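Here's a quick briefing to read alongside the model. Have the sequence and the 3D view open as you go.

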Amino acid sequence: MIQAHHDPRLLIQVLSRRPLRYTAGADPALDRPAHVRAASSLVRVGAQMLAIQDDAHFVAVIDPDTWEVRAITLPAGPDGKRQFDDLRGTKALKLDLEACVVVPEASGALLIAFGSGSTPQRERILVMRDVMTDEPAMRLVEATALYAALRAPAFAGSELNLEGAVLLPSGQALRLFQRGNGAPRGALQPVDATCDIAWPALAAYLADPSGVPPPPLEAITRYDLGLLNGARLTFTDATPCPNGILYSASAERSPNAVEDGPVVGSAIGLLPSVGTPRYAPIVDLDGELLPLKIEGLLLDDRDPGLVFLVADADDPLAPSELLTARLIGPWFGA
């Protein structure tokens, strides 16, 4: 078990907060709301940022120059619906896309978005090519065998809840992030952990999940991410950074990996290439802890000291927020 520690030299200063609303508004024919719901991971394709959503079948495309937001429409669920929540009584049917990563290909960017695996319904993976065209090519892969491997107690602990994915610098492996916000199950406790899987083997499996075995889990590592006001911090996303991996973690008093709970706040942390993990809580300009559930993060490609964050309000009627924050202190140094 690797222990992360709060580094008082580090500060995250939130500069702005923007509700994420589609520029074109709602589209009832597509069952699209007027706003981005439950944004859960953030990546970059070209100059644009993409946010997946865990309870709506759309990918939000955010222009960081104009802040316009458009939607890529994903395949519909039962009865043509694309929104799933407790208000409709359909929460159990959602894809629960929680982790995404972009893999460069000769023909362009490949977007891979993973279901959390917290229930059998959430064991699907979105594979999307031609992302920025008018007609992206997309598939939803039933990845039962891969999720069976991910449920290994060494990685998943008591309950699987996949929340982050990063392409490692070699380009030959992905690192997956397990969120330890589950309920105990017998002798098993919830754990935060990472594992590596070989990208070529995963690509082959995604192309033929019924005929190709999933890649094995490698380099499984467990973490204790610390506490905020007595609540455990647990992984919610990750992104590459100059000397390792930057991660987001939220302190949420949830009863298990499926149900939401009161949010104490969130933190940004660093898993350095060398040394021990360190983190800082996300606070307002007065130094007060912001009670936000940060579910995604992405460094600015022009200013590595600037980070974009997405916050999930856990309310289908409220838009997710995009935050811009400054990383102050020796985040990427000694």
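Leaving aside its neighbours within four places in sequence, which residues is glutamine 178 in contact with? They are Phe155, Ala156, Glu159, Leu160, Asn161, Leu162, Val191, Asp192, Ala193 and Phe235, where contact means heavy atoms within 4.5 Å.

A word on ground rules: this is a predicted model, with local features needing pLDDT of at least 70 and side-chain atom pairs counting only at pLDDT 80 or more, while totals for chains, interfaces and linings use all residues. Residues are numbered from 1 along each chain as its sequence is written, and side-chain values use heavy atoms, with hydrogens and water left out.

**Overall picture**

- The chain holds 3 helices and 23 strands; these are DSSP runs, with helices being H or I of at least four residues and strands being E of at least two, numbered from the N terminus.
- The chain's radius of gyration is 18 Å, which agrees with the value near 20 Å that a compact globule of 334 residues would have (taken over C-alpha atoms, with the globule rule being 2.2 Å times the number of residues to the power 0.38).
- Along its principal axes, the C-alpha trace spans about 50 × 45 × 40 Å.
- Of the 334 residues, 57% are buried; buried means under 20% relative accessible area, exposed means over 50%, and partly exposed is in between, using a 1.4 Å probe and protein chains only.
- If you take contacts between residues at least 6 apart in sequence, 56% of them join residues at least 24 apart.

**Back to glutamine 178**

- Glutamine 178 sits in strand S13 (residues 173-178).
- Buried or exposed? Glutamine 178 counts as buried, because its relative accessibility is 0%.
- A polar atom of the glutamine 178 side chain lies 2.8 Å from the backbone nitrogen of asparagine 161.

**Two open sheets**

- Phenylalanine 114 stands opposite isoleucine 125 in S10.
- Another open sheet has 6 strands in the order S2-S20-S19-S18-S17-S16, and its pairing is mixed.
- Strand S2 (5-6) and strand S16 (227-228) are its edges; each has a single partner strand, so one side of each lacks a neighbour in the sheet.
- How many bridges join strand S18 (residues 244-252) to strand S19 (residues 263-272)? There are 9, and the two strands run antiparallel. Alanine 251 has glycine 265 in S19 as its bridge partner.

**Salt bridges**

- The count comes to 22 salt bridges, each being a side-chain nitrogen of Lys or Arg within 4 Å of a carboxyl oxygen of Asp or Glu.
- Arginine 37 and aspartate 55 form one, at 3.1 Å from N to O. Arginine 37 is in the loop between strand S3 (11-19) and strand S4 (39-45), while aspartate 55 is in the loop between strand S5 (48-53) and strand S6 (58-62), 18 residues apart. Arginine 37 is buried at 2% relative accessible area, and aspartate 55 is buried at 9%.
- Arginine 302 and aspartate 65 meet in another, at 3.6 Å from N to O. Arginine 302 lies in the loop between strand S21 (294-299) and strand S22 (306-311) and aspartate 65 in the loop between S6 and strand S7 (69-73), so the pair ties together parts 237 residues apart in sequence. Arginine 302 is exposed at 59% relative accessibility, and aspartate 65 is exposed at 55%.
- A network of salt bridges links Arg44, Asp65, Asp300, Asp301 and Arg302.
- Aspartate 196 forms a salt bridge with arginine 175, with the closest N and O atoms 2.7 Å apart. Aspartate 196 is in strand S14 (residues 192-198) and arginine 175 in strand S13, so the pair ties together parts 21 residues apart in sequence. Aspartate 196 is buried at 10%, whereas arginine 175 is partly exposed at 23%.

Technical notes. Pairing = 2+ DSSP bridges. Polar contact = N/O pair within 3.5 Å; in protein donor to acceptor, adjacent residues only side chain to side chain.
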